[in-house]
Amino acid sequence: MKATVFIRPGEVSIKDVPKPKIQKSSDAIIHVVRASVCGSDLWWFRGISKRESNTFVGHEAIGIVTETGSDVQNVKIGDFVIAPFTHGCGYCVACMAGFDGNCLNQGEKDGSGYQAEYLRFQNADWALIKIPGKPADYSEEQLNSFVTLSDVMATGYHAAVTAEVAKDDTVVVIGDGAVGLCGIISAKLRGAKRIIAMSRHEDRQKLAIEFGATDIIAKRGAEAVAEVLDLTNGGADAILECVGTELSTETAIKVGHPGAIVGRVGVPQNSQMNTDSLFWRNIGLRGGIASVTTYDKKLLLQAVLNGEINPGKVFTKQFELDDVKSAYEAMDQRKAIKSLLIIDK
């Protein structure tokens with residue numbers, strides 16, 4: 001089969017590799033229909049974070065189950081599914097508490113990349129989310145939205161949940177990539193009255209407004225903080241930090257009023273952070289890896305099926321699997337908000 005492999009910073013390629021096999025009784029093999037490139041993939045593509053050469057990549061996909069292990073009962077061969085990156089088991093203390101992104105039984109990491117024709121999925125019995133029917137039953141727009149439910153839509157929602165966004169809140173969303181844009185959808189879904197999107201790019205600003213943003217701030221740093229505080233008469237109720245840099249986290253802490261909560265889902269790029277400013281202003285900081293299966297099963301899949309949300313609009317360019325390098329480059333060069341990979345039509 002064809003699979004995407006990381007070679008070195010700035011280079012990924014398609015290689016012919018053996019099709020994955022069932023290794024554990026809890027596994028399933030999925031024939032991928034759609035996959036995508038994630039903003040977090042750009043960290044190692046740009047050489048900012050390290051990754052071993054010749055490793056499989058990708059962690060967002062939808063597809064058809066082709067094989068199942070003997071312990072998999074809840075999904076069957078032929079089921080159309082969302083494949084979350086989290087692989088939660090459903091029965092450990094983390095999953096039971098609603099934090100399947102921190103499942104204690106996730107197994108090995110990077111065992112099977114999703115930007116491929118087939119993937120091996122661990123903990124398939126609970127973690128996979130069944131989509132009614134088959135791919136042909138849905139429009140391209142709906143299929144695109146299903147792909148976002150494997151990561152970015154659930155991650156944006158996790159930011160809103162951990163920031164405790166509530167009805168009539170004023171929310172600031174930091175980050176105008178796919179996760180930040182899905183954070184806007186999430187804030188609106190949870191009843192926020194005012195949603196301030198921090199974005200400097202016109203295409204993303206337009207989509208932010210379409211998704212529910214009421215205000216756009218194009219500044220950064222101290223100027224951005226001053227504008228938010230002025231707009232909100234002292235600070236927001238909740239802040240969604242969807243970037244992961246030191247500047248974005250620092251900004252998030254500063255734009256909330258005393259008692260506000262920051263929901264942090266941007267993958268951290270600096271392990272050192274002074275927390276004194278949180279203490280002196282009673283600012284809460286929460287967040288981490290999204291609870292993808294939990295949120296999808298609880299409400300996000302149904303919201304897509306009902307037409308209540310359409311997060312698939314974050315895909316502004318699509319590519320065949322053979323052209324995966326161009327999919328990465330389009331995002332790296334900001335020619336695409338998010339790149340979709342068509343694996344099987």
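View 1. Asp71 is partly exposed, with a relative accessible area of 47%; buried means under 20% relative accessible area, exposed over 50%, and partly exposed in between (1.4 Å probe, protein chains only). The model is predicted, so local features need pLDDT of at least 70 and side-chain atom pairs count only at pLDDT 80 or more, while totals for chains, interfaces and linings use all residues. Residues are numbered from 1 along each chain as its sequence is written, and side-chain values use heavy atoms, with hydrogens and water left out. Asp71 is found in the loop between strand E5 (61-68) and strand E6 (80-83). Helices (H or I, at least four residues) and strands (E, at least two) are DSSP runs, numbered from the N terminus. Not counting residues up to four places away in sequence, Asp71 touches Ser25 and Asp125; contact means heavy atoms within 4.5 Å. From C-alpha to C-alpha, Asp71 and Asp125 are 7.5 Å apart in space, and they are 54 residues apart in sequence.

**View 2. Asp296 in helix H11.** Helix H11 spans residues 292-305 and contains Asp296. Asp296 is buried yet has no salt bridge, that is, a side-chain nitrogen of Lys or Arg within 4 Å of a carboxyl oxygen of Asp or Glu. The nearest side chain of opposite charge, Lys297, is 9.4 Å away; Lys and Arg count as positive and Asp and Glu as negative, with His and the chain ends not counted. Leaving aside neighbours within four places in sequence, the contacts of Asp296 are Ile82, Ile129, Leu149, Ala154 and Leu301.

**View 3. The open sheet E2-E1-E4.** In this order, 3 strands form an open sheet with antiparallel pairing. Strand E2 (11-16) and strand E4 (55-56) stand at the edges, each with a single partner strand, so one side of each is left without a neighbour in the sheet. Two strands pair if DSSP finds at least two bridges between them. Strand E1 (residues 2-8) is joined to E4 over 2 bridges, and Phe6 has Thr55 in E4 as its bridge partner.

View 4. Strand E12 (residues 236-241) and strand E13 (residues 256-264) run parallel and are joined by 5 bridges. Between E12 and E13 the chain passes through helix H9 (residues 246-254), in a right-handed β-α-β crossover; right-handed means that, with the strands pointing away from the viewer, the path from the first strand over the helix to the second runs clockwise. E13 also runs parallel to strand E14 (residues 284-287), with 4 bridges. Ile261 in E13 stands opposite Ala238, and Ile261 also stands opposite Gly284 in E14.
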